[in-house]
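User: I'm new to this one and would like to get to know its side chains. Can you walk me through a few of them?

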Amino acid sequence: MKIRPAQATDAPRLTAIAFAAKGHWGYPEEWLRLWEHELTVTADDIRRHEVFLAEEEQVVVGFYAVSSDSPAGELEHMWVAPESIGRGIGSRLFSHALHSASARGIRRLRIASDPNAEGFYLDRGARKVGTVPSTPDGRELPLLEIAIEP
């Protein structure tokens, strides 16, 4: 597996991975439609944020996106294709995100985590600092934060 910067032309594949990974958790189609804006990755997103993807034999299997306001950043996306879950790809991508953020001067990374992924981030050193509203109405996401050493 290799990790490389995403290109604008990767946007459709990254969007497909985000939708597939979210759907893997059994959410209803109606909810996936509600989250269309949040799950869609555009060429402009790739230009404005730091977006890296993981490839195996030239097939994209996961990606992440970080936006930043140094010294804080936000993990905008972190997705692994369902057929590749459980093989360490997410761990490698998250580690890459932390190292890359550190090199850019980011000292805290915020994560509005899907509830199904909260344990993944907690196991890697994040801590819960609150919740953020989501859709549908009344749904909340755990808000996590991880300190990043220089």
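User: Let's start with Arg-108: is it buried, exposed or partly exposed?

Analyst: Keep in mind that this is a predicted model. Buried means under 20% relative accessible area and exposed means over 50%, with partly exposed in between. Arg-108 has a relative accessible area of 34%, so it counts as partly exposed.

User: Which residue does Arg-108 form a salt bridge with?

Analyst: The bridge links distant parts of the chain, with Arg-108 in strand β5 and its partner in strand β7, 37 residues apart. The closest N and O atoms are 3.7 Å apart.

User: Now for the rings: Phe-52 and Tyr-64 form an aromatic pair, but how many residues apart in sequence are the parts it ties together?

Analyst: The two rings are stacked, 5.7 Å centre to centre with 20 degrees between the planes. Both Phe-52 and Tyr-64 are buried. Phe-52 lies in strand β2 and Tyr-64 in strand β3, so the pair ties together parts whose separation in sequence is 12 residues.

User: And which ring does the charged end of Lys-22 sit over?

Analyst: That ring belongs to a cluster linked by ring pairs, which also includes Tyr-27 and Trp-31. The charged end of Lys-22 is 4.5 Å from the ring's centre. The ring is that of Trp-35.

Technical notes: Residues numbered from 1 in each chain as written. Predicted model: local features only at pLDDT ≥ 70, side-chain atom pairs only at ≥ 80, totals over all residues. Heavy atoms only, no water. Phe/Tyr/Trp six-rings, centres within 6.5 Å; stacked < 30°, edge-to-face > 60°. Helix = DSSP H or I, 4+ residues; strand = E, 2+ residues; numbered from the N terminus. Buried < 20%, exposed > 50% of the residue type's maximum accessible area, 1.4 Å probe, protein only. Lys NZ or Arg CZ within 6 Å of the ring centre and 35° of its normal. Salt bridge = Lys/Arg side-chain N within 4 Å of Asp/Glu carboxyl O.
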